[in-house]
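Have a go at each one before you read the worked solution.

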Amino acid sequence: MEEYLSKEDYKRQVNILNEELNTYQEKIDELKNKIEESNLLINATSVGMKENISLIEDKSFFRKDLIVSDCIYNPSKTKFLQIAEKEGCKIINGMGMLLYQGALAFELWTNKKMPVDYIKEIIFK
């Protein structure tokens, strides 16, 4: 047997959903305003590493003078970076971070400096 909401319960549920949507939209607007005030936008999450998705897919968040970086190095150009690049942003992937983390680990394990310039030539071909 199907259950139906009373008119009052239905109105209450609609009000709750509207409040949640308004709060969500306020958060999106706040994020957009913060990005507009910024020179640099960095994705420091793993979103986009395995799936072809981006935390921000709305191209209106990006502008030509915004530098956009993604800590992910594989894929080298995540969907986040692809969208930003298409909107004219300077983009930076996570390969530099990977390189210098590797250099530090190499030095900690071997007590020798890693040949960073040599490795750069290999990975940034």
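**Exercise 1: the strands**

Work out how β1, β2 and β3 pair up.

Start with strand β1 (residues 40-43), which pairs in the parallel sense with strand β2 (residues 67-70) over 4 bridges. Strands here are DSSP E runs of at least two residues and helices are H or I runs of at least four, numbered from the N terminus; two strands count as paired if DSSP finds at least two bridges between them. Within this pair, Ile42 sits opposite Ser69. Next, β2 runs parallel to strand β3 (residues 90-92), with 3 bridges joining them, and Val68 faces Ile91. To get from β2 to β3, the chain passes through helix α2 (residues 79-86), making a right-handed β-α-β crossover (strands pointing away from the viewer, the path from the first strand over the helix to the second goes clockwise).

A word on ground rules: this is a predicted model, so local features need pLDDT of at least 70 and side-chain atom pairs pLDDT 80 or more, while totals for chains, interfaces and linings use all residues. Numbering starts from 1 along each chain as its sequence is written, and side-chain values use heavy atoms, leaving out hydrogens and water.

**Exercise 2: the sides of α3**

Find which residues of α3 are buried and which are exposed.

First, Met95, Leu99 and Ala103 are buried (under 20% relative accessible area; exposed is over 50%, partly exposed in between, with a 1.4 Å probe and protein chains only). They share one side of α3, because their arc around the axis is only 85 degrees, taken from the directions from the helix axis to the C-beta atoms. Then look at the other side, where Leu104, Leu108 and Trp109 are exposed.
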